[in-house]
Number of protein chains: 2
Amino acid sequence: MSSDAMTNSQATLWFSRHSPLLDQAVSAIHQRGYWAPFPEHPKAYPAESLASAAAEFQTLLGQPFELQGVGEIGRAGEEQSPYGFALGIHYPQYDPDTLLETQQSLIGGWRDAGPQTRVAVALEAIHRLNALSPLMAQAVQHTTGQSANMAFQAGGPHAQDRAVEAVAYSWDAMAEIPQSVLWRKPMGKRGQLSLTKRWHIVPRGISLSIACCTFPTWNTYPGLFASLVTGNPVVIKPHPDSILPLALTVKVLQEVLTEAGYDPRLVMLAVDTRPAPLAARLATDPRVRLIDFTGSSHFGNWLEQHAHQAEVFTEKAGLNTVIIDSMADITAVAGNLGFSLSLYSGQMCTSPQVIYIPASGVMVGGECWSFEQVADALVSSIAQWTADPAQACGFLGAIQSEGTLVRIQQCREAITGRGSVLLDSKSLIHPDFPSARVQTPLLLALASQDQDLYGKEQFGPIAYLVRTHGTAESLSLTRQTLLAQGAIALAIYTTRDDVLAQAENLAQDVAVSLSINLDGSFYMNQSATFSDFHGTGGNPAANTSLTDRGFISRRFVVVQSRRPATAATD
Amino acid sequence: MSSDAMTNSQATLWFSRHSPLLDQAVSAIHQRGYWAPFPEHPKAYPAESLASAAAEFQTLLGQPFELQGVGEIGRAGEEQSPYGFALGIHYPQYDPDTLLETQQSLIGGWRDAGPQTRVAVALEAIHRLNALSPLMAQAVQHTTGQSANMAFQAGGPHAQDRAVEAVAYSWDAMAEIPQSVLWRKPMGKRGQLSLTKRWHIVPRGISLSIACCTFPTWNTYPGLFASLVTGNPVVIKPHPDSILPLALTVKVLQEVLTEAGYDPRLVMLAVDTRPAPLAARLATDPRVRLIDFTGSSHFGNWLEQHAHQAEVFTEKAGLNTVIIDSMADITAVAGNLGFSLSLYSGQMCTSPQVIYIPASGVMVGGECWSFEQVADALVSSIAQWTADPAQACGFLGAIQSEGTLVRIQQCREAITGRGSVLLDSKSLIHPDFPSARVQTPLLLALASQDQDLYGKEQFGPIAYLVRTHGTAESLSLTRQTLLAQGAIALAIYTTRDDVLAQAENLAQDVAVSLSINLDGSFYMNQSATFSDFHGTGGNPAANTSLTDRGFISRRFVVVQSRRPATAATD
């Protein structure tokens, strides 16, 4: 009887093909143990697609990139690989008003497709994106500057995992609304009142994804897929530096939509340029009802305060903090932190930025290590990690933006007369890309009163070791900066139960995720889909979490109808 | 091992006492068939408490009302019963800054109490409120003007049902987050990575409830209880006309909190006056992180646009609409609609306000009834319902605000030369309260082009019968006004399947709840807890629904910690 019943045979096939995975994913979001739908290791992918990816990427360069759109007004695209060459790909640009008008007209049909068809389309697209991972890795590497390996994992399977997670949350949220019920209220001597009730999942409206240049797929997929499967058309506004990964994504989605018999323009790319940005124009259009944003606090806060007509989900800047109190094994800790600081040259939203260490030193095993000794251990660790440039390029990646190189220089200079350079940032020569912008981390030492210097995010391979009057001050500085700036990640190293309890409490007070005593090969930067909530949504660094119920539940509303039950149903 | 484990013996006892009800409630929100935790009929309550309620109410009049607070700066209270007398109750007022500072300091302790303790406290309080229903009915009647019977049901058990529903949703949302897990990721030849993860439910912060004067308990309880059980202290800012029902509510909650060993000031009343309103001051304080509001669109929209630091949940004005296309039995339909229009003199947020009828008439059974005949049927129905003043007062209630009397006059005058008065509003004499402001509905006829007159809510017993060029125009006018103004309720009468399908579609397009062919003793004004979603959150009349996931999920965040698993746990 339901109008939501699937009538689309292609989608039916896809749904039955992917529903075992969907079931596992729904179970995983509730269990939150380890689970991943897609293998993260390149070796698990076909050798031929790995081998041909670079050549395939080359064929895209310097060419127009074709997508389904409407009202094309020109071409744009000035992507530069941080590895030292121009991509020269030209993407179509559409008149924003025509784009939104077109998507607005598609809402009813996509809504009426029902949750099952929409989920089937999404899961089929995600599977095709998974098969495309080797090419996607090239696209991500040469727009974000990520290392080849990170670009494969974070740009490919890890982003796809996040997409499946968002689909699973959305499916779970939609599935808990019954399609219909016979409501019977006993009225004593007056018999009973009987109503037939129906419920429909109704999308909020056009969903806008404003993507970042460092993790274009990983950060965009959750909002994109959550919006799409809950019935909203999606317009993706990529960062002008990192369009290709999302252009490839839109192409796949448009193909799948077309095969399922829907208008491919349910997902469109809105390419802009630095001189003529589109985000604010789109974000304040009354037809845009959902906005997912990853980027600067400045624009994120602006969106939260000006896009009143929309539900706004933001991930912004913060101040990721490490508190060092005490530890068992300094080599292990320094090894772990040294890698955390180096990974993708600190360009992750979870990279450590400030490390508080008591001036009086820390207990390591039974022994007191001075601030300088701890700092030295960290410096040595980074020196060791980055000793072999070829190997180091495998996790440092390249610096996405010229601005970050400038920032390194500025931060180094800003501490003059107040702090010291513990480890200077060096340029490394990439074995395959001699013009790549590769930099090792810059480690600076400051005193706790220098909060004007270390107290806000300096994006890139820049970290401060801050000399505090003890762990109590480290904790209180953390409280202060995180209440003001927020953070995605907080880490503590301590062997003391009371300090650990204080840190657990502090983490709750400032609503930040806490990593404790990570000294092996798991890093504070990492976020495991289906287990870790990325961001809490409760501090200034992000107003949402990837992915929790709050990220999903306001993307659709439930519309009911009710009527007297007929004798047949009563 | 969990720090959330209950250590509070009083709360443990309450939890075990109330958990069967909680289980039923959780099951009910998923099933959405008929279920209610509390009987709605006064007869189900002890005869002695029903008998003594009026006298008990009398003892409160003219007295100071005592509550737990901090920084008392004076007394306020100028409530006037719409039944014609002053309540003369004086409530404590607190310095807003001291109030918020106090509640801020209580957040950690209430958070650490854990979901189970908080739910136990809430359910115990709701049960005590249920026992208090006869007195609450007096308080609601003599502040809102509701009839005795409605005040009992809507102010008592129905509001308590909504409270249980909010607790059930909150419990369900918190319970789905595991307390901890052992996360083990296989790493091939490198063995496995093992982390112990813990998750904590962390409240967002102080929650502000800005209540309305017509349904102070029914509209306030969902937000109040959802916020409280998810760990947030709650400050209730009652409407100056309707303080007592919420003062009684706060008193009960403070008693229960005290018995459980918590600070009673986790729930406080912030009484203001018309000359010195407090809502905007409280709503923009950085410590206030959640706001529930019921009231005017003007202030609701202001809150949505200015209280950036908070999650804002609003229920505002709309334009509840009835589309009459065709029907089987006009006596039944007119009877139903006549009562809908009369109930609480149109002062419900679900009362019909505009009724579209084709100028060419409607098919009734096999016969065409003219606009005038349909209008006459409706007029006769209301005349019949209100023929016996004593009986009529039992559902009309009294007019809450003087302003509504003025509005009746204004609306009557505004149509001069453009429309006609089909049925004038009459004053009735209440048998027990001769000074009560009792008014029968005003029915006005207008043409479809007179949207400037009928196109926005005229709160109170005022409804427009609008002559359209046919059902197609009725549907399109509905689309237009609901997109602009929103509505909580839309109703249609039709015997035609194609019109019904169009109405179902329209309801989804404008995200409004639809009642179809109600012609018995269930009315479009009614909203059944655990089954009906009250408001969709998708149109301008309300940005949230009572109660769905979106109403709950942003009241808390999840904060995790993770650490290497020890050998013992691995």
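How many residue pairs are in polar contact between chain B and chain A? The count is 42, with both residues of each pair at pLDDT 80 or more. Keep in mind that this is a predicted model.

## Where the two chains meet

Let's stay with the contact between the chains for a moment. On the chain B side, 72 residues are in contact with 72 residues of chain A. Together the two chains bury about 6,100 Å², and 50% of that is on carbon and sulfur atoms. If you want to find the largest share of the chain B side, look at strand β24 (residues 556–564) of chain B, which supplies eight of the residues touching chain A.

Charged pairs show up here too: 14 salt bridges run between chain B and chain A. One of them joins B:Arg549 to A:Glu176, with the closest N and O atoms 2.7 Å apart. Another pairs A:Arg111 with B:Asp509, this time at 2.6 Å between the closest N and O atoms.

## Salt bridges inside a chain

Over all chains, the count of salt bridges comes to 66.

Take A:Lys237 and A:Asp272, whose closest N and O atoms are 3.2 Å apart in a salt bridge. A:Lys237 belongs to strand β8 (residues 234–237) of chain A, and A:Asp272 to the loop between β9 (267–269) and α9 (279–283), so this pair ties together parts that are 35 residues apart in sequence. Are these two residues buried or exposed? A:Lys237 has 6% relative accessibility, which is under the 20% cut-off, so it counts as buried. A:Asp272 is at 4%, so it counts as buried by that rule as well.

Chain B has a salt bridge that links distant parts of the chain, too. B:Arg204 and B:Glu311 meet at 3.8 Å, N to O. You'll find B:Arg204 in the loop between β6 (192–203) and β7 (206–210), and B:Glu311 in strand β11 (residues 311–315), 107 residues apart. B:Arg204 is buried, with a relative accessible area of 12%, and B:Glu311 counts as buried at 13%. Back in chain A, salt bridges that share partners join A:Arg17, A:Glu124, A:Arg128 and A:Glu259 into one network.

## The nonpolar core

Now for the greasy side of things. In soluble globular proteins, nonpolar side chains tend to be buried together. In this model, the largest nonpolar core has 257 residues. Which of them touch the most other members? They are A:Phe225, A:Leu244, A:Ile291, B:Phe225 and B:Ile291.

Zoom in on B:Ile291. Leaving out residues up to four places away in sequence, B:Ile291 touches a list of residues including B:Leu208, B:Ile210, B:Ala283, B:Leu303 and B:Phe313. B:Glu311 is also among the residues that B:Ile291 touches, and B:Glu311 is the salt-bridge partner of B:Arg204.

## The annotated domain

Finally, a label from a record. An unreviewed UniProt entry carries the annotation "domain: Aldehyde dehydrogenase" for residues 107–486 of chain A. Over that stretch the chain is 45% helix and 21% strand, and the end C-alpha atoms lie 36 Å apart.

Definitions and conventions. Residues numbered from 1 in each chain as written. Chains lettered and ligands numbered in written order. Predicted model: local features only at pLDDT ≥ 70, side-chain atom pairs only at ≥ 80, totals over all residues. Heavy atoms only, no water. UniProt positions renumbered as here; feature names shortened; annotations may be inferred. Helix = DSSP H or I, 4+ residues; strand = E, 2+ residues; numbered from the N terminus. Core = buried A, V, L, I, M, F, W, Y, C linked by side-chain atoms within 4.5 Å. Buried < 20%, exposed > 50% of the residue type's maximum accessible area, 1.4 Å probe, protein only. Contact = heavy atoms within 4.5 Å. Salt bridge = Lys/Arg side-chain N within 4 Å of Asp/Glu carboxyl O. Buried area = accessible area lost by both parts, 1.4 Å probe. Polar contact = N/O pair within 3.5 Å; in protein donor to acceptor, adjacent residues only side chain to side chain.
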